[in-house]
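Trainee: I would like to learn how to read side-chain contacts, cores and surface patches. Where do we begin?

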Amino acid sequence: MNKNKISVIVPIYNCEKYLDRCLSSIVGQEYKNLEIILVNDGSTDNSGNICDLWAKKDKRVKVIHKENGGVSSARNIGLDKSSGEYVAFVDADDEIDTSMYKELLESVEENKADISVCKIKYEILGEIKYCNEVNLKNCKGEYFKDLLLLQDVIKQEDFVVCYGAIWSACRFLFNAKAIKNYRFGQLKMGEDLIFLLNCIKDGTKISFVDKYFYTYVQREGSASHTYNAETVRRKINFWGEFQKYLVGFKNLRNVAAFKFWFYFNLVRDVAMSKDLNFKTLKKDLINNLNTKENYKALTSFDMNKSKKLLYKLCRYKLFVVIKLIYRVFKKTP
């Protein structure tokens, strides 16, 4: 048995439908030296009992029951209680391939890296799709941070989901010493990306495993697929925090790609929402789209015909048309 222990932290809130599948994939890892920390974040379904049953079946499983405080607080408590030389995260509705931690650990140790990362696939209503990132390789943090905003991801059909997936902290294996001074912030959306940007410095050494080990499950009704004022506020709060980090990116085309994703994703949410308090927000969005700086950013790379149409509809405030298009075709143009 490898002497290096991996602490796997799983924040859990009302995931009874998915939890057994998730925990089976962790317990069944080829790499056995694991500390599996289940943080039940005030679940009101049977998730807490399921956690306790797993702890009885496997001595590596530790359960923490706490009042509901959100995924960040649950992960942070897990970090505080962890004792492994390496740390990993898994969301309670996702699953991992059996060799994930074995190969990530081999990669991080062979390359004397601080962090290792694998590719990620995602599941929507039972269908598996792949985030086709390009140019991933063993690298320093400066290069990798730009890849987190990789513009090629935009070209994929489900770019909104894929961006959320590639940001996930769950596809990484962290040396515990490299992240000991960092914790997740209290954002309700985008907290993984902010955590990664804090942890990954320009000199951080990252090793890459070219395999799809992590399955990110997009549940129907999740925050990123819910159109209401709260979802939009969460995204705006994330944007306010994220702008602090934009100056650290060297590849301006990747920054442009990210702005494209963010603004148009937000426009979709606004257009689909039935909330009547969006008049001011719509005005702000139009002002953002029409500034010279953002116009250059949003048009600095190739857009297909449907996205060019969406851009024009946004500029001319035709949200009703966007809503009709979305509802007819069941996807963002």
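Mentor: With a definition. A polar contact is a pair of N or O atoms within 3.5 Å; within protein, one must be able to donate a hydrogen and the other to accept it. Keep in mind that this is a predicted model.

Trainee: Which backbone oxygen lies 2.8 Å from a polar atom of the Lys-121 side chain?

Mentor: That of Tyr-212. The Lys-121 side chain also has a polar contact of 3.5 Å with the side chain of Thr-215.

Trainee: Is Lys-121 buried or exposed?

Mentor: Buried means under 20% relative accessible area. Lys-121 has 11%, so it is buried. Its place is in strand β6, residues 115–124.

Trainee: What does Lys-121 touch, leaving out residues up to four places away in sequence?

Mentor: Its contacts include Asp-97, Ile-128, Lys-129 and Tyr-130, and also Tyr-212 through Tyr-216. Lys-121 and Tyr-214 are 93 residues apart along the chain, yet 6.2 Å separates their C-alpha atoms.

Trainee: Now the largest nonpolar core. Which of its members touch the most others?

Mentor: Ile-6, Ile-26, Phe-89, Tyr-101 and Phe-242, out of 92 residues. Helix α9, residues 252–272, gives this core its largest share, seven residues. Take Ile-26: beyond four places in sequence, it touches Val-8, Val-10, Leu-34, Ile-36, Val-90 and Ile-96.

Trainee: And on the surface, which residues form a nonpolar patch?

Mentor: Tyr-316, Leu-318 and Val-321, with about 290 Å² of accessible area together. Val-321 sits in helix α13, residues 319–329.

Technical notes. Residues numbered from 1 in each chain as written. Predicted model: local features only at pLDDT ≥ 70, side-chain atom pairs only at ≥ 80, totals over all residues. Heavy atoms only, no water. Core = buried A, V, L, I, M, F, W, Y, C linked by side-chain atoms within 4.5 Å. Buried < 20%, exposed > 50% of the residue type's maximum accessible area, 1.4 Å probe, protein only. Helix = DSSP H or I, 4+ residues; strand = E, 2+ residues; numbered from the N terminus. Contact = heavy atoms within 4.5 Å. Patch = residues over 30% accessible without salt bridge, like charges linked within 9 Å, V, L, I, M, F, W, Y side chains within 5 Å. Areas by Shrake-Rupley, 256 points an atom, 1.4 Å probe, with all protein chains shown as cover. Salt bridge = Lys/Arg side-chain N within 4 Å of Asp/Glu carboxyl O.
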